[in-house]
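Subject: Structure for you to look at

Hello,

Here is the structure I said I would pass on. Please open it next to this email and follow along.

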Amino acid sequence: QVQLVESGGALVQPGGSLRLSCAASGFTPDGYVLAWFRQAPGKGREAVATFNIDDGATRYADSVKDRFTISRDNDKNTVYLQMNSLKPEDTAVYYCATDRVMTMISGPSMMALDYDYWGQGTQVTVSS
């Protein structure tokens, strides 16, 4: 059974940094993509970044490029989201998601509906 457990959310001041973690278990990671999404109050769930486990390729939303970095610890099967230069508009619940790349029409997807497995979310609040 696929299980994703996020941690690391917190209250941080604008301009600060935070690292989120997502521990994945219950599946063989080959052929999967790990992704971070976020959902702000009153808004839809949007992709932040994806990590293709097979080749390490990454994708980022334009809003977080050059500020956020997605990475993975192979031994721990944990994916991280390093967030720098945080802005108030980054405030949201951040979710980890995963699914097989072969189920996605055009490779690692930035669409929430393409992922079947989700964590419970972790709150990130950027405020002074």
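Which residues form a disulfide, and how far apart are their sulfur atoms? Note before the answer that this is a predicted model. The pair is C22 and C96, with sulfur atoms 2.2 Å apart. A search of the whole structure turns up one disulfide. C22 sits in strand β3 and C96 in strand β9, so the bond ties together parts that are 74 residues apart in sequence. The torsion about the S-S bond of C22 and C96 is about -80°, which means that the disulfide is left-handed. Both C22 and C96 are buried.

Next, the nonpolar cores. In soluble globular proteins, nonpolar side chains tend to be buried together. The largest nonpolar core here has 29 residues. Those that touch the most other members are L20, W36, V48, F68, L81, M83 and Y94. Two or more residues come from each of β3 (18-25), β4 (32-39), β5 (45-52), β7 (68-73), β8 (78-83), β9 (92-100) and β11 (122-126). The element that gives the most to this core is β3, with four residues.

Leaving aside residues up to four places away in sequence, L20 touches S7, G8, G9, W36, V79, Y80, L81, M83, Y94, T122 and V124.

Regards

Note on methods:
Residues are numbered from 1 along each chain as its sequence is written. This is a predicted model: local features need pLDDT of at least 70, side-chain atom pairs count only at pLDDT 80 or more; totals for chains, interfaces and linings use all residues. Side-chain values use heavy atoms; hydrogens and water are left out. A nonpolar core is a set of buried Ala, Val, Leu, Ile, Met, Phe, Trp, Tyr and Cys residues joined through side-chain atoms within 4.5 Å. Buried means under 20% relative accessible area, exposed over 50%, partly exposed in between (1.4 Å probe, protein chains only). Contact means heavy atoms within 4.5 Å. A disulfide is a pair of cysteine sulfur atoms within 2.5 Å.
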